[in-house]
Amino acid sequence: MRSLIISSLKFLSYKIDKMSLEIADNTSILMKNYNSEDEWSFSVGIRHPLYIVSERIYIGGLDICLFAGEKESPDVSLHAGIAGAFKVVGDGIPADKEEKIAKNQIPALLSPYLRAGITGVLALSGFGSVVPPLLNFNKLAEEQLKDVEIVRIVQESVDESKTEGSSAFQPIGSDEWHV
């Protein structure tokens, strides 16, 4: 019974690996409030999932871009991203569930940490309480990752893996919404 309750993935760590805030060089922005949800738009991209075979570790992530004002020339633009590592424990994940977990659940588990980071940066930057909405990652993953295979990395250890600049660990797609 215990095996039905305990997850077959152990959350090892996460890092917010991208955070960039740009504010237009316009003094009128200082007088604007920007705390209404109607003033912000955003897009989300799920990163291409990776699996480090020798370590039995999945790495996943997502990127969120928020902007206020016109998209072509926003008053405020924030780009943020997060990556996380999850180790397979026990007998592993059945093959039929592996893809769903890596594509859907990992971004869903990481999103609250990224949302909190975004909210904190915007609040400390004088924009009040801007909270990105909750997303349906199952639907988002179905749309963005339907034809994507999990990249399997064969190597000696996680310390030797490099994803910097790798096209494998980039957002696959981006869906845009107005909040």
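Contact here means heavy atoms within 4.5 Å. With that in hand, let us walk through this predicted model, starting from the inside.

Leaving aside residues up to four places away in sequence, leucine 66 touches Trp40, Ser41, Phe42, Val76, Ser77, Leu78, Ile118, Val130 and Pro132. Leu66 also belongs to the largest nonpolar core, which has 35 residues; Leu66, Trp40, Tyr58, Leu62 and Ile118 are the members that touch the most other members.

| Element | Residues |
|---|---|
| Strand S2 | 40-46 |
| Strand S4 | 57-69 |
| Strand S5 | 74-88 |
| Helix H2 | 95-124 |
| Helix H3 | 137-144 |

The top contributor is H2, with seven residues.

Is serine 111 buried or exposed? Serine 111 counts as buried because its relative accessibility is 9%, under the 20% cut-off. Not counting residues up to four places away in sequence, serine 111 touches Leu62 and Phe137.

Now for the surface. A nonpolar patch there is formed by Phe11, Tyr14, Ile16, Met19 and Tyr113, which together have about 400 Å² of accessible area. Strand S1, residues 9-23, gives the most to this patch, with four residues. Tyrosine 14 lies in strand S1, and its relative accessible area of 33% is why tyrosine 14 counts as partly exposed.

Conventions: Residues are numbered from 1 along each chain as its sequence is written. This is a predicted model: local features need pLDDT of at least 70, side-chain atom pairs count only at pLDDT 80 or more; totals for chains, interfaces and linings use all residues. Side-chain values use heavy atoms; hydrogens and water are left out. Patches are made of residues with over 30% relative accessible area and no salt bridge: like charges are joined within 9 Å, nonpolar side chains (Val, Leu, Ile, Met, Phe, Trp, Tyr) within 5 Å. Accessible areas come from the Shrake-Rupley method with a 1.4 Å probe; for residues, only the protein chains shown count as cover. A salt bridge is a side-chain nitrogen of Lys or Arg within 4 Å of a carboxyl oxygen of Asp or Glu. Helices (H or I, at least four residues) and strands (E, at least two) are DSSP runs, numbered from the N terminus. Buried means under 20% relative accessible area, exposed over 50%, partly exposed in between (1.4 Å probe, protein chains only). A nonpolar core is a set of buried Ala, Val, Leu, Ile, Met, Phe, Trp, Tyr and Cys residues joined through side-chain atoms within 4.5 Å.
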